[in-house]
Each structure stands twice: as C-alpha cells, then as structure tokens.
Amino acid sequence: MRDEEYGALLLRPLDGEPDAPSKIDVAKAMRDGRHRRGRRWWAGGSALVAAVAAASVGGVLATGGGTPPKPKVLPPDPPMPGACVPAMLPIGGHPDANLTAGDPSGTWHAGVSEPNYHEPPVFNSLLIWRGGQLVTDAKAPASSFGVRDINGAGVAVGFSDTGANQPFAYRNGSFHKLAGGAGEPVAINDAGVIVGNVGPTENETRPVRWRSLTAPAEPLPLPAGVRPGEVRVRDIAEDGSIVAEIGRGGYLWSPDGTGRFLKPPKGHYPAPSMSPIPLPSGMPSVEARLPFPDTSSAGVDPQFTPLTFARGWIYGHLLSESSITLPYRYDPRSDTWQRLGDASTQADLSGNGMFAGDRTAAYVGRALLTLPLPPEAASPKEGENWMSLTSIGDDARTVGGSMISGRADPSHRDRPVIWRCR
Amino acid sequence: MTDESDAGYLDYVHGRIPALRRVAFLLSGSSDEADDLVQETITKLYAQWSRISRVEHVDSYVHTMLVRAFLDEKRRGWWRVNLRGAPPEPPAAPPGTSEERTVLRAALRRVPARQQAVLVLRFLCDQSVADVAQILGCSEGTVKSQTSHGLNALRRILGDRVGGAL
C-alpha cells in the first residue's frame, strides 16, 4: 500500500464536522481587529528600534530602496555534467535516516536518523557525512531534531521540534543552543553567519541573524508596514546577503545594508504547456498541481517567492499575474530575471539548490539535470519509492537527497543518497 | 476601514466560516479549539483586510493564517506544559467519540506540529501537495517529506494498523 492510500485510510476516522454550535463572534473579530490595526504603529516603532539597534551593532543593515548597479556579466553557471552515479550513504546502526542539507562545495552533507516515538521516546541522531563517509553520529539534544543546513567547515544548524522549537548548531562534537529563545535557524554560510526566525509565537516571529554560534540573535530590520509574523527568512549567501519571504513576495537585505522587495517586472508570463509530464502513478498530475485555478486575479502583480541562493542567483517561484507558479531565478546585482526549465516545467525548490517537482532532477543553471534512480529504489510497482533532493554543489558535481519509501511498510526504510557527477 | 470595505469583509467571512471551522476542527480535534482558531484568524484578517482583499489570493492567505494560528497554539501549549511542570491530562473524549478516534487523535498530537498540519491538510482536507506547500510556505518536496515522516511517526506510535484496526 502506498503512503497516499495509507494516510487517507489511517486518518479517515478523524474526518467530521465540529460537534458543537459555533461560538465565533464576527463583530468581536472586527472590534479586536481595529485595536490591532491601531497597534501596528507600535509594531512599526519596534521594528524601527530594531533597525537602529541592528545598525549600531552590526552596522550594515537598513531598509530602503535604490536601483542596483548593473554589471555586464551575469553569475556564471557550472557546466552540465555528463553522467551521475547514485550511492547510498552509510547510516551507522540506525534503521533509517534522511539527508536534509549540504554545503555549497558538495563535500559536507547532514541529516538525521528517524526518532522512535514509543515510550520512553528515543531521540534521533544528527548524522554528518564528509565526502560520502559518515563522520558524525551524535545523539540529538532533544526529540524530533531536524537539520536545516551545513557549511563548508562542517558546522550544522537545526532545531528541536518539541512544541516551541529550540535552535541549535553543531560544531566539533558539541551542540550549541543558539540565543534568542524559541525559533529555527534556516541557513549558515561558510563565514559561520546563521540566519533564522525566532519568536515565542508565530505572530511574534522575527527574522534574525547570529554572527556566530555564541552571538545574540540580531533582529533584521523589517520594511515599513510589515509586522513580525509576516516574514520568514529563507537563506544567507556567502557575501552576507539575506533573502526572506514576506507574504507571497520576496525581500532582500544586501551586504551593503540596504533592503528591497524583489519585484518581477509586470508582463505576460506564459504558462507551462499542459501536456502531461510522465509521473509515478499516484502522483498528482501537472494540471492538478497548479496552486490556484487560472480564473481570477486579473490585475494582480506577479510575485516572487525566494527559496534559496545558488551561485549568485536567487532561485524561487514566480506567481504570475494569471496565477501560474513558474520556476525563476533572479540576479540581484544586475536586476536580471530568468525563467528556468522548458515550457512544461513547474517549480519545486528546497534546501541548497533547486529541483524539479516530482522528477528526480536538479537545476544546473537554467537547465535540468535528470538523475538516475539508485538500484535500491527500483520497485516492481512504479511510484512506491521516490527521491527527495535537498542539496546540489555549486559545481554540480554532487547532489544530495533521500530515498523515501512510498509504502506503508516499516520494513521499507528511508535512506540518504548522493549522486557523484562528472 | 470604510463601510464598503467592512461589507466586503463581512461577505467574505460569512461565506467562509463553515469551511474554516471545519479545517480548524480537523486540525485541532476540538470544536472549542476550532472556534478559537477561526476567531483569531478572522480577527487578524480584519486587521489586514484593506491590504489582503486587494492584492492576495484571499482563500490561500486565510488558510495560511489559520494554520499558523494552529501552530501558534501548539507553541503556547508547550509553554503551558512547562510552566505547570508536568504534562497536562489529555482532554476527555467528547460523548459519542469512538475509542478508535480518541486513540488516533492522541497519536496525532504526539507528532511534530507541522507534520500534524501536513497530514490533516493532505488526507482530511484533500489539499494537493502544491496547495499545502503554498499554505505552509515551503517547497513541495518538504510537504512530501513531512508527509512521509508524519506517517512514519504515526506508524511507530500506533503500530502498523489501518482501516479501523486500532
């Protein structure tokens, strides 16, 4: 049985309607909403204070606009590899594990073993591979530990999902709890600067930067009119640029301290062709994967949701004026936008790289590199295993991911995989 | 906010409350908690209505707000647990609730909050992977991973039982 069927069958008993009359009070919501609008002034004031504090401590970040300079040369793309070979990574004595992060050089990868939820719960372990060899197998400091990123020095960042997430970093054999309270680090660059989102509640969550493992959480200045809870940091580049999602749009703090929204030019963005892409059985079709029906939103500006830096570009989703999600990348130095893939490509991105939806394929520059499945993923029934890609090296010589079992059978384990390409 | 804008808000909210309440109920498993989540969501929506009504895909945005309110409640719950120094007693099952449903809901509550949200949105609310990715502000790959991890967690808690064999 595939996970799709298993999940639907397992959770079906929970389906139903509320079993008591509604107590929702719309008039109260409007009254309270008016008060909250009134408080936005103060929220903005706090953000301004935060901005001043950040400027006085860090000295570089500030909101503001400005037209970026336009160099003549775009960031270069690596050559497309000719062939890639998959290999399962060692996972010590754990029954199963996932690879969830990789560094830009393609040398370091990090992931976690699966936790055990029986009583007493068994914490999962942080696993770090260097050049494909398991070099760290460390019991996590809390249950449900997840790894978000690892840099070229082998420093990993992650969080414990125990209700209020606690941010951690791992370096040289030790876990370090990051300052600032509940939150999650999302990325670390090779200089050791970490970015993430911190706050006691979702509505109070702010984007922050840690300049080192022991540094305080330094709030990033919010643009005018934006409140905490509306911003989620996505990544930090090697030059210190930081990109975030605000609403459905993108925002960039540049190394020089300026901040600006990432606004794709208005215009017509052709939709992907509707010719079906071959997908494993049980997967939704391309048409079904369109996030919104293409019926409304005339006059809505296109929006860009950034997800990751890669080789000088910001990769992300562009939501067109006709409500179609397209894979795009943006070069902030030259203010250049580029559509990715072919006319039939929908977008999916994650981690340190960009990957193509339901296909085992990674973007190298603007083109797709299709990766062969490992022999262990071969299955008599198509669609029972699938690959989750999470990182690609800047030189496109190493791709990291996991083989995820699509079967409702505990004997089918998740396994970390890397592809070596040449 | 103008009267015209208020009217637009009221039209929208009155038309969506039943659907929002159902999603909130499926997420939380409790009518009371569902009402709290929807109340918080429509309050926040009113505070931002002038902006959201013009430029956003409102339904998707409101679902994001609702799920964030749910995740927020999970965090608040964690603080309450820690202030009390011991885990709270699980809520009593409402009258007429089957044992199967009670066991399943208790198991779901032990899964990390985002995985709970992904499982409920995908398998009880019939949302596509792409829609859940939009609602949670993450990639489709993350949604699929969270789905797999969430189901694995439930499998480990409950054993390999499905279809009423709890």
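Visitor: Let's start with helix α8 of chain B. Is α8(B) enclosed or open?
Guide: Largely enclosed by the rest of the structure, since 16 of its 19 residues are buried. Keep in mind that this is a predicted model.

Visitor: What span should α8(B) have, and what does it have?
Guide: It covers residues 140-158 of chain B, and at 1.5 Å a residue those 19 residues should span 27 Å. The end C-alpha atoms are 27 Å apart, which agrees.

Visitor: What comes just after α8(B)?
Guide: G159(B), which takes a positive phi of about 85°.

Visitor: OK, neighbours. How does α7(B) sit against α8(B)?
Guide: Helix α7(B), residues 129-136, has an axis that comes within 8 Å of the α8(B) axis, and the two cross at roughly 100°. That makes α7(B) roughly perpendicular to α8(B).

Visitor: Which residues make that contact?
Guide: From α7(B) you have V129(B), A130(B), V132(B), A133(B) and L136(B), and from α8(B) there are E140(B), V143(B) and K144(B). By class, six are nonpolar, none polar and two charged.

Visitor: And α6(B), at what angle does it pack on α8(B)?
Guide: About 100°, with the axes of α6(B), residues 113-124, and α8(B) 8 Å apart. So α6(B) is roughly perpendicular to α8(B).

Visitor: Who's in that contact?
Guide: On the α6(B) side, R114(B), Q115(B), Q116(B), V118(B), L119(B) and R122(B). On the α8(B) side, V143(B), Q146(B), T147(B), H149(B), G150(B) and A153(B). The contact of α6(B) with α8(B) divides into four nonpolar, six polar and two charged residues.

Visitor: Switching to chain A. How many helices and strands are there?
Guide: Chain A has three helices and 28 strands. It has 422 residues, and 48% of them count as buried.

Visitor: Pick a strand. Why call β7(A) largely enclosed?
Guide: Because five of the five residues of β7(A), residues 156-160, are buried.

Visitor: Which residues cover each face of it?
Guide: A156(A), G158(A) and S160(A) lie on one side, with V157(A) and F159(A) on the other, and all are buried. As a rule, side chains in a regular strand alternate between the two faces of the sheet.

Visitor: What does β7(A) pair with, parallel or antiparallel?
Guide: With β6(A), residues 145-150, it runs antiparallel, joined by five bridges. G146(A) stands opposite F159(A) there. With β8(A), residues 166-171, β7(A) also pairs in the antiparallel sense, over five bridges, and V157(A) has A169(A) as its bridge partner.

Visitor: How many residues sit between β6(A) and β7(A) in the hairpin?
Guide: Five, and in that turn G154(A) has a positive phi of about 80°.

Visitor: One last spot: D103(A). Where is that?
Guide: D103(A) is in the loop between β2(A), 97-102, and β3(A), 108-113.

Visitor: Is D103(A) buried or exposed?
Guide: Buried, with 27 other C-beta atoms within 10 Å.

Visitor: What does D103(A) touch, beyond its neighbours within four places in sequence?
Guide: W108(A), I150(A), N151(A) and G152(A). Take I150(A): it's 47 residues from D103(A) in sequence, yet 5.4 Å away in space, C-alpha to C-alpha.

How values were computed:
Residues numbered from 1 in each chain as written. Chains lettered and ligands numbered in written order. Predicted model: local features only at pLDDT ≥ 70, side-chain atom pairs only at ≥ 80, totals over all residues. Buried ≥ 20, exposed ≤ 12 C-beta atoms within 10 Å, placed from the backbone. Helix = DSSP H or I, 4+ residues; strand = E, 2+ residues; numbered from the N terminus. Pairing = 2+ DSSP bridges. Contact = placed C-beta atoms within 7 Å. Expected span 1.5 Å × (residues − 1). Axes fitted to C-alpha atoms, helices over the stretch in contact; angles between N-to-C directions. Parallel < 35°, antiparallel > 145°, perpendicular 65-115°, else oblique. Nonpolar A, V, L, I, M, F, W, Y, C, P; charged D, E, K, R; others polar.
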